[in-house]
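Visitor: I have a structure open and would like to go through a few parts of it. Can we start with a term I will need?

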Amino acid sequence: MKTLQLKWYYAIIAIFILNITFVACDDDDDQEMLQEMIEDEVEDVVGNTIVDIAVESSDFSILVEALTKADLVSALNGSTEYTVFAPTNDAFKMLLEELGLNSLDDVPEDQLKAILLYHVVSGKNTSSKLMSGYYSSISPKTDMYNYSIYFNKDDLMLNARAKVTQPDIMADNGVIHVINKVILPASITDHAIANSGLSSLTAAVVKADLAATLDDDSNDFTVFAPTNDAFSMLFEDLNVTLDDLSKEDLTPILLHHVVNTFVPAANVQSGYVNTLSMGQGNYLSSLINVSDAGVMVDNSMVVLTDVVATNGIIHVIDKVIMPSNVVDLAITNPDFSILVEAVLKADLVEALSGEGPFTVFAPTNAAFEALFQELNVNGISDLSKDVLTPILLAHVVAKNAQSSNLVNGYENTLNADKSLMINIDNGVTIDGDINVIIANVQGTNGVVHAIDKVIVP
């Protein structure tokens, strides 16, 4: 309080002296210059930082105590502009009661610092600028990524926990919005609950009894989170409602949206990833395709990225990703489009969509194009079903054999007249000159290995 009073005292003296000079000047340019000098002098002398405002208000005494304890006073007292969601004393008291603590002294300094920084966003975001959506706090999860906050403009709620009760207290270095609860860095489950656009996902997660798993800070997941519209499309396609689906129905679908590692958008690369959903005793695969058009996960587009949680990161998608069988895996990957055309013409879709298990050695488009050149044909249209069927069946083994389960020797195929000579001494080769170039793409009824040449019986 004394500091602010002294600043105003000196400012008034400065204005008084400059005004004497101002009266003595006749020239308009001189008067304008002196007016600018007065404004600059006041700005330089009078302090009204975020910390100054907090110190001046008795409602923020615990916040000031917390900032001092966490050694954050100087950070919020500088020239960098911040938006601070400032909890009142009552908010801090509720937090201590919630945590079963007696005072701030019971909160470890690093934890207190993380909580306080979670209330701060870079830049001056007045209430007119704040829109519903995610904001990055300055509380770090890693060296590169900070915890996210969800703000709902409709009800002025942060993370569906704290309400803005007084907006737009303007400071020289930012703006303060008063809130009625302390917000804590949110888990994946917390973020799903906070965002009404993910309410269908939340309901499904609760019904599948996965909320605790996605709330556990000992994990670090990447979750591809379908929107409400995505779930509506799924239910329409299946002609069901959420009530019609059991925990056993939902669990493999939901786990198929979870990868067991922290992958921010900048690190996403094209290729297959393992999800937490299981098939044939192995983790099921999803295909990620990164292009100029955006990021696709199987047939779903990523529409929002990098919602950072305490136990992972969320990327929002526009379709629900369903676990894939070996046919679905081929359909999803454009590099298998000729194989899919061949399977359709040979009328093998139903057979390869059965329970299995299957191991499919899947020729790429380039492999088929080499075969067409060798046979002097234009494409699948020039090959009959009778020609295609024995060729395709020679690519399928009646078991789920990941590359680690393959051994040197012969494997029988669904073509009774063709066995495959497998060699694993230097990668996996078939019949001496056919190479497995992508291994272990796991589906619900079998595994796919991409190969660089068509197997011809």
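Guide: A residue counts as buried when its relative accessible area is under 20%, and as exposed when that area is over 50%. Keep in mind that this is a predicted model.

Visitor: OK, so is Asn159 buried or exposed?

Guide: Asn159 has 11% relative accessibility, so it counts as buried.

Visitor: Where is Asn159 found?

Guide: Asn159 lies in the loop between β5 (157-158) and β6 (162-171).

Visitor: And what does Asn159 touch?

Guide: Leaving out residues up to four places away in sequence, Asn159 touches Tyr118, Ile149, Tyr150, Leu184, Ala186, His191 and Ala194.

Visitor: New topic. At what angle do the axes of α8 and α10 cross?

Guide: The axes of α8 (residues 199-207) and α10 (residues 247-255) cross at roughly 120° and come within 9 Å. The two helices are therefore oblique to each other. The crossing of α8 past α10 is left-handed.

Visitor: Which residues meet there?

Guide: From α8, Leu201, Ala204, Val205 and Lys207 meet Lys247, Leu250 and Leu254 of α10. By class, this contact has 5 nonpolar and 2 charged residues, with no polar ones.

Visitor: Now the open sheet of 7 strands. What order does it have?

Guide: The order is β9-β8-β14-β13-β12-β11-β10, and the pairing is mixed.

Visitor: Which strands stand at the edges?

Guide: β9 (258-259) and β10 (271-279) do; each has a single partner strand, so one side of each is left without a neighbour in the sheet. Helix α10 packs on this sheet, touching β9 and β10.

Visitor: How do β12 and β13 run?

Guide: They run antiparallel, joined by 2 bridges. Val297 stands opposite Ser300 in β13.

Key
Residues are numbered from 1 along each chain as its sequence is written. This is a predicted model: local features need pLDDT of at least 70, side-chain atom pairs count only at pLDDT 80 or more; totals for chains, interfaces and linings use all residues. Side-chain values use heavy atoms; hydrogens and water are left out. Axes are lines fitted to C-alpha atoms, for helices over the stretch in contact, and angles run from 0 to 180 degrees between N-to-C directions. Helices (H or I, at least four residues) and strands (E, at least two) are DSSP runs, numbered from the N terminus. Angles under 35 degrees count as roughly parallel, over 145 as roughly antiparallel, 65 to 115 as roughly perpendicular and the rest as oblique. A crossing is left-handed if the near helix is turned anticlockwise from the far one by less than a right angle, and right-handed if clockwise. Contact means heavy atoms within 4.5 Å. Ala, Val, Leu, Ile, Met, Phe, Trp, Tyr, Cys and Pro count as nonpolar, Asp, Glu, Lys and Arg as charged, and the others, Gly among them, as polar. Buried means under 20% relative accessible area, exposed over 50%, partly exposed in between (1.4 Å probe, protein chains only). Two strands pair if DSSP finds at least two bridges between them.
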